Every structure is written in structure tokens, then in C-alpha cells.
Amino acid sequence: MNKTSADILIKKREDLIKQFLHGNEPEFLEKHASLIDEYFFTMFEKSYAARDMTIKGFPFAVIALGGYGRKEQCIHSDIDLLILFKDSVPPEVETFIQELVYPLWDARFEVGYAVRSIKECLSMAFQRFDILTTVLDARFICGASLIYTSFMEQFRADLSDNHLDSTLNYLFEHGEKRHFDFGDSTYRITPDIKKGFGGLRDYHTFLWYAKIKSNIMYRRDLEYYAFLSHFEYLTLEKSLNHIWKTRNFLHYLIKRKCDTLHFEYQTEIARLLGYKSKDNQLAVEYFLGDLHTKMDFLKQINQITFEDILSNIRIKKEHSKSLPTKTNGLIIKKRRLTFSNTVAIMQEPQLLLKIFLESGQRKIPLSIEARRMVYEFIHLVDDNLTKAPDSIKIFKKVLALSYWEFNVLNVMLTTGLLEKFIPEFSAIVNKIQYNHYHLFPVDKHSIRSVQIINSFRKARGLPVDTLYNSVFKEVREKNVLIFAALLHDIGKSDPGSEHSKAGARIAHSILKRFDFKEIQIKDILFLIKNHLLLIKTATRRDISDEETAVLMAHKIGKIKLLRMLYLLTVADSKATGPKAWNKWTENLLRDLFLKTMGILKKGELASRKTHNLIEKKKNIVLRLTKDKWNRDEMERQLDSMSRRYLIYVSGQDIVNHINLYKNLGSKDFTWQVSKEKGSNIRSVSICGKNKPGIYSKIAGVFFMNELDIVGSQAYSFGPGYVLDIFKVKQPRDKIFEKETWEKAQNDLTRALKDDHFLDKAVKKIPKMIKLSSGKIPRSNSIKIDNETSSFFTIIEVFTYDFPGLLFSITNALYQSRTDVNVAMVSTKVDQVVDVFYIKGLENDTKIETEQELEQIKNAILKSLPKIEAKEIKNEKN
Amino acid sequence: MKKIEAVIKPFKLDDVKEALSEIGIYGMTVTEVSGYGRQKGHKEIYRGAEYVVDFVPKIKIELVVSSERADEVVNTVREAANSGKIGDGKIFVLPVEQVVRVRTGETGTKAL
């Protein structure tokens, strides 16, 4: 017999679920609970044990608790039962439980039950709040109804007489703890739709609160007892239905109770709910967008509860008087900002905006009532108001006052005011990007970005500036940066196009309304269009290569733009989620920022002038080679060349050098010697593979062959190659000049293969030189600059010219395990200033430690000869 | 079977991925890691304050292939990740005892 009743329940339940899956059962939860009720009715009627206990004088009631009590029974929700006796519990109850509950367990229902007397139940309810809240939802199913009513009466009386404050306190604290543990569900990839912030528990808490305060029974009463306005009640119903449906499908798919909306199931649930993909947006993104909207509403409901508890219970009497503010029409009541009355709003609709300024400046939140009023009176905010210059000023100020902990901008969004000022924002509200990367809907992400920017303002009391603090301090036009942050993703409303470009287009028309100067609009649009530039470059390009920083410096152009773009990038990444922002990306991004800043500050490689110069050079080269070489290939080649090289070498020379490069083949180097017109200077261009010490070896070979170097430049010639230019005096043996060059070339080939080939040349470097001028000589000196460049240590050598000078310096550098990447060497009369850009051979970065720098300095000084004045004695005589 | 672990420069990831897919290797695990070897960290100066990068950001890729293909994969990664500079990274090859595909229970090279 028992089996049959359970069978009937199972069958009916299956049918009901089928109907639900077909979308034909809007009242599934209630009907589901009623089916279970029916089972208990029949079981109770048939039960001999039940009859037996009643006859023996132990009448009892079967009571539904928790969600089942509320008749909100999802597919795999628990069934919580209370078997309640008046005074004491008879042993026969065991048999009854067996009859009643075992068949359900066999059918794999999750049933929990408690058997208690009224007294026990009362004392437990007031000891344990989790039991108390289930009792608040208690619903009589069958048995002795008097026992139920008498229990509920006692419970109510006890609650309001002795336990009201402590219960409300519990609700408050428990809610805070829950939000702390589970976090903001609307901002998670896998939201907990029950316990998270915005989950069903927020509605439960609100309902419990209403039940505690007003004795209400049903959800419907929330409106009748004025806990919610009519509109709010309708929204609540819609929101709950959506979340319950989602939860039912989740239960159905996982085949058990579950409240975590796992990433893997989201697409399928969206399909089951009937969402369709369109306009480049996925069904699941529409689904999650809706879900976030609904959960957002539950969050607001939750705030109502908390605000009420706070103002009723937790705030002491002295705070209950209302206090005036600086703004007429706004008052502070119970630590919350509100309007003094509705007439004030009608007379001055701008109050609807001013309340946010007051709130932001004084860090006092709007009361729930004030939020409602902004929402209800939002129609008063018309074009005249939003376009008035003083409104715009206030709006801009509010933007700068939004922080993560104090979210005035978010309140502005939920009340609809933000969209009044920027209607274009509506298109990104609750817009979801379905992936593991983006945690927040676009609107929340944008607001969060603004808040993070504002948080770069250094908090008082912090001992040291972080890099963000100090960069933020240097940003003069904070509003430009903040607007860029608010609008940087506005292009995501147009899923068809690249969002940074679409964003700049949409933002352009917005910005015109906000009283910005032309140049400011230009800057904001630049920031929006390029908000991914730095992060993409930092993660996908070689940032230890100077050219990367030079390219960035070029694209960004101005120091102020780089500062803002950096902060925007940080805020954008931070507001995206932990996948986008962690120590790893932070390091890369900071490195790129500092290096690019170095290039921009120095200006040599990235000013507008050099940009134009380089473009001109490239065109000359392309023109000169258009008949010889393929243009695309030529452009690629020019793009891979170092900018420093392109700046300082003439177009014709570049063509010659490319020729050398093309002839290189498998050789270590190729060179070309040319005569300069009307002088005895020879120009030697050498293109070679970037072997350690190559520059020093060339200098050594020239010294060995008595070729006098008067000037030289060294460059990097694209990845892995160098291009060195030497100006050399005509060989002394004018007749056999050709042979001299051939010998030098052979020597260089050997020197590159054998590190000791030049040892004998080292010995020939003079130990002392005497100056012919007779002046008192200045001693050799060396200046090391380790700050100008992020990539190189720059060494300047001041000395007098002598044969083998360049070799002696560069050899000392090579022996100190460093590599010359760039060199500028020239001789003026006999005083010499040579500049070398060096890197460590081992680690390919500039020299970092003082100790190493000192060693290099000493090595160079040691390699230089002593300077003495010639024939000083004679002159004195 | 061999497990191949490679630590490479971040900007070389796309090149390595592409090179591997050209020889028919599509799956791998990618992790953002930091560390240092011969390429030490460095410091930058902004407004007098020093910002030190102790650990250099790198990418670690891990993949398991049949023993016969290990050399080919190692060479492919090496070529694609090579910029000729210090800090290009390292490749480790480790023996793998067993592989099981969770969904089907397939084992050995069939599960790769």
C-alpha cells in the first residue's frame, strides 16, 4: 500500500516535471509542493501508527518547514518536516516515521525530519537561529491543527516579547557573513544563485524580516503590508520566477540539488530557457544578462532589509533626528541621505542629481526611500536639466567621487539617472561576455574601472606613494581619464565591430554634450581607441627590445597620454578579473610603461620630428630601390631596422648597407670601402652577424694594420645583425692601398674566429702619450649614465687621441664581458669624447650593480695611456 | 611517452603554438610563471623611486607526446622560441608512465 502512494507521487511528479520542461507549467514550485502534501495526506490517513498515537492521547501535527513550507519546491529541493507533539513524544512515532518517510528515501527524495514537543521546539528555535528561520516558514500539512496553531502563537509571542532584537541582529550579521563567504554572485563566473549576494537567500531574509515584523504569511503580503511598492512587488515576482526556473533546470541537468551555476551548464540552461543567439551575441550571454538583472534586484531587496534593520534596531535614539545638509531640500535621517519632501524635488528637479554629489562628498549613502524617489521622479530629468552647464559640472564631480567601497555611481545606475545623462550606456547594461576572462557585465566593469582610477588618489595616512599614486598625481586633467574609463568599453554595445574603434565613434557624440575642449575630446577618444595597446604589447612583444618601447612611444606620442593610458590599462585589467590582472601582467605592464616613458622623456627616438625624418628616409630608400627590389620586402626590412640607425644614416647609405646585408650569405661579415670626395678619408661600412666583441675586433684589426680611425658609429641592423661605419684615414702605403684593405679583411675574418688573434695588438697600445700643445693636460675621465636609457648603460670616455684608442676602450669593454650596441666616436683636434651604449654579454640587459659599473670604469681607465705634456721643462726654461 | 615542459618568453607563445600546430600538435597546457636564471631581474627608476623586477615574467607550456615524436617537438619549440638572446628559456623532457583520458578511460598514446 505504502509503495503505491509513493509510486503515485513519483508518477505525478514525473509528469509535472515533463510539463515544466515543455514550458507549460508556470506554477511548478507550488504544484510540486502540493503533490508532496497530497502524499502526506494519504499516508497520514492510512497510517495505523498515526491513529494509534492519537487514540493513546498523543495527537500531533505534520508541518512543512523551510522552502517546502513556503511552497517553493524546486525539482531536487529538500523536504523538511516537523512532527510536532503537544507535550511529550511517544515511542510509536518510530513506526509512523518508517511508514511516512522511508518510501520517500527509497525513491531518493532528500527528506529531513525532526520529532519534537512544542516546548523543545520553542527552546531550540530561540537557541539556534537557523532553526528559528525554518520555523518562520512553517506550514501546517495534516494532523492536529490545534497543535500547530498553539505552537505558532507561543512562538510569535515569545519572539516579539523576548527575542526580537537578537533575531534581527542575527539576520543582519548572518547576512553580512554570508556575503563575505560567498561574495557578490552577480560578479562571478559561477554564481551561487541561492547563498551568494543577489541569490534567493536575499529574498528569504527579506521575507523573514517581514514575517518577524508583521506576522505576514505569504509572499503576496509583502505588498499588502507595504514592505514593497506595487511595482517592486511585480519586479520581485518576475525576478524570483526567472531564478527559480534557472534553478529547476540546473537541478534537472545535474540530477541533484545544486545552487552553483557551473560554467559548463550555462549554455544548456540558456537553451532550455528558450534563449536564442542573435546579432553576434550568444544565447547564453542574453540569459546571463537577464539573470544578473534579476539578481541585482534581489540585492536591492536585501539592502532594504538591511537598511531597515539598521535604522530600527542598531542606530541609537540620538541619531534618529533629521539633520540639515548644505543643500536645500536634502536632509540626513538615521545616517542616511534623503529628500526633505517630494515637493522639493518637483520644485527643483536638479536635487535628483545633487543628492549624489552630497552623498559622494560626505560619504553618506542614499536611504532606500531616497533611491525610490529618484527612480519614481526620474521623468523630471529632461534634456534641459542634463544639458545645463551646472548639471554637467555636478555630474563630472560625482564621477570623481565613486570608490569601490562607496559606490555612488552604481546607485546612479540602478536609479536610472546615469542613463539619463548617457543614454548610450543602456546598451551595455548587464551585457555579458561569456568566457572565463570577463567577470563583470560591461556596465559594472566600466563603473568599476572608474572606481579603480579614483582609488589611485592617494589615501591620507599612507606613508609612501605607489607608482599608481604618483602617476595619478601627475595627471592634470583627471576628468579626461575618468571619462575614458567610463566609456572605454561603450563600443561593446555594437558586437559586430572592433569595440575600441566603435567605442571611439560612439563616445565622440557623447563627449560633445559634456562641455569638453576639442583637445580633451581628442585625448579621450585616443584613450578609448587604444585602451588595449599597452597590455597587448606588454604580453605579446619583446619588451626587453628597445624598438618595442620606441614603437609605443611613437604611437602614444605624448607623456601625458602615456600616463593616462597606463592608468586606464591598469584599471581596465583590474576591473576585468583575476585572469586579466595578476602580478605577472602587472610586472610586464609596468616594465613597458617605464621603458616607454624613458624613450618619450628623452625625445631623441620618438619625437614628432624624428618620426617625420624616419618616414622621409624610408620613402627615399623605397624610391631608390623601386626598380631593384620588391617593395613589400623592402618595407618589412625597413620596419625591422633600428630607429637610431634610420635617424642617423643617409638614404643612399641605407641602400648600400642593405646591399651589403643581402650579400652576406653565410659569411660573418661583408664590407665596402668608399672614398670621400676631395679628402683622404675612407668610409668603411661593415655589415655582420652580431658576434660578441665584433666592434672591438674591427677596431683592433684597423689598429693592427695602421689604419687611423677618425670616427665611427655602431648600430644594430635588425635582429641578430650589426652595421658599423668607420671613417679611416687613407693607408700610409698609397700604392698598395687595395692590398692593405684585403689584408685587413682577412685579419678580421681570423679575429672573429679566434679570440686571441688580437693579443699582440693589445701589447702595442701605447702606455703614455705626450701632448704636443704644451698645455697642462686634463686627465682621462669616464662618465657612466645608467638612468637615461632603460636598455643600455651609457659610457662616455673623455681622453686624448692616440693610435689604437678605440681598440683599447672597446677591448676593455669586451674583456669586461659587455657588448657595444651603439657607438658614437669622433675626434675634434686631439680631445676625444666617445660614447658607447653597452649591455652585459651574459644577460643582454644594462649593467645594474654599482660593483660591476666600477669594474668597467677601472678597466677602461687602466687601458688608457697616461697623458703628459711635452717638453714642459723646455718651456719653463 | 614523454612530457615536454618549456619555459619561454611570453611574446614567443604565439609563434610556438603556431609552429606546433604545423606539425600536428594542438593541445598543451599554458601557465603564466615568473622566475630567473641567467637573465636576472632589473630595476627601473621613476621619479627617484626604484621599481625592481626580481622575477622575470615567463610562459610555461607543458605537453605530452609519444616518445618517437619528442625530439621533433623539442626542436620545433626550440626553433620557434629562439630569439638568439639571453632569457629565451629552457626545455625539459620527462618520461611519462601512463596517461588516462577521464571521459573514456582510454590509456596510453590513445589518450593523448
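**Starting from one pair of residues**

Modeller: Gladly! In strand β3(A), the residue opposite A:F85 is A:S117. Please keep in mind that this is a predicted model. The strands involved are β2 (residues 79–85) of chain A and β3(A), which pair in the parallel sense over seven bridges. In general, the strands of a sheet pair through backbone hydrogen bonds, either parallel or antiparallel.

Now let us look at the whole sheet. These strands belong to an open sheet of four strands in the order β3-β2-β1-β4 (chain A), and the pairing in it is mixed. At the edges are β3 (111–117) and β4 (139–143) of chain A, each of which pairs on one side only. Direction ignored, neighbouring strands of this sheet are turned by 25 degrees against each other on average. A helix goes with this sheet too: α5 (residues 93–106) of chain A lies across β2 and β3 of chain A. The angle between α5(A) and β3(A) is about 165 degrees.

Chain A also has a pair of helices for us to look at. Two packed helices are described by the angle between their axes and the distance between the axes. For helix α35 (residues 694–704) and helix α38 (residues 805–815) of chain A, the angle is about 145 degrees and the axes are 8 Å apart. The crossing of α35(A) with α38(A) is left-handed. On the α35(A) side, the contact is made by A:Y695, A:S696, A:A699, A:G700 and A:F703. On the α38(A) side, the residues include A:L806, A:F807 and A:Y814. Sorted by kind, the residues of this contact are seven nonpolar, four polar and no charged.

A:N328 is in the loop between β5 (323–324) and β6 (330–333) of chain A. Is it buried, exposed or in between? Around A:N328 there are 13 other C-beta atoms within 10 Å. A residue is buried at 20 or more and exposed at 12 or fewer, so A:N328 counts as partly exposed. From A:N328 to A:S685 there are 357 residues in sequence and 80 Å in space, C-alpha to C-alpha.

Next comes the place where the chains meet. Here 21 residues of chain A are in contact with 23 residues of chain B. On the chain A side, the elements giving two or more residues are α23 (467–474), α27 (533–540) and α30 (583–602). The largest share, seven residues, comes from α30(A). The chain A residues touching chain B are five nonpolar, seven polar and nine charged.

So what does chain B look like? Chain B has two helices and six strands, and from the N terminus on they run β-α-β-β-β-β-α-β. Its radius of gyration is 17 Å, well over the 13 Å that the globule rule gives for 112 residues, so chain B is more spread out than a compact globule. Its C-alpha atoms fill a box of roughly 60 × 30 × 20 Å along the principal axes. Of the 112 residues in chain B, 20% count as buried. Among its contacts between residues at least 6 apart in sequence, 72% join residues at least 24 apart.

Chain B has its own open sheet, with four strands in the order β2-β5-β1-β6 and antiparallel pairing. Since β2 (29–35) and β6 (89–95) of chain B are at the edges with a single partner strand each, one side of each is left without a neighbour in the sheet. The twist from one strand to the next averages 20 degrees. Within the sheet, β1 (residues 2–8) and β5 (residues 56–65) of chain B run antiparallel and are joined by seven bridges. Helix α2 (residues 70–81) of chain B lies across β1, β5 and β6 of chain B, at about 5 degrees to β1(B).

Strand β3 (residues 42–46) of chain B pairs with β4(B) in the antiparallel sense over five bridges, and B:H42 has B:V53 as its bridge partner in β4(B). The hairpin has two residues between the strands, and in it B:R47 takes a positive phi near 50 degrees.

Terms used: Residues are numbered from 1 along each chain as its sequence is written. Chains are lettered from A and ligands numbered from 1 in the order in which they are written. This is a predicted model: local features need pLDDT of at least 70, side-chain atom pairs count only at pLDDT 80 or more; totals for chains, interfaces and linings use all residues. The radius of gyration is taken over C-alpha atoms; the globule rule is 2.2 Å times the number of residues to the power 0.38. Two residues are in contact if their C-beta atoms, placed from the backbone, lie within 7 Å. Ala, Val, Leu, Ile, Met, Phe, Trp, Tyr, Cys and Pro count as nonpolar, Asp, Glu, Lys and Arg as charged, and the others, Gly among them, as polar. Two strands pair if DSSP finds at least two bridges between them. Axes are lines fitted to C-alpha atoms, for helices over the stretch in contact, and angles run from 0 to 180 degrees between N-to-C directions. A crossing is left-handed if the near helix is turned anticlockwise from the far one by less than a right angle, and right-handed if clockwise.
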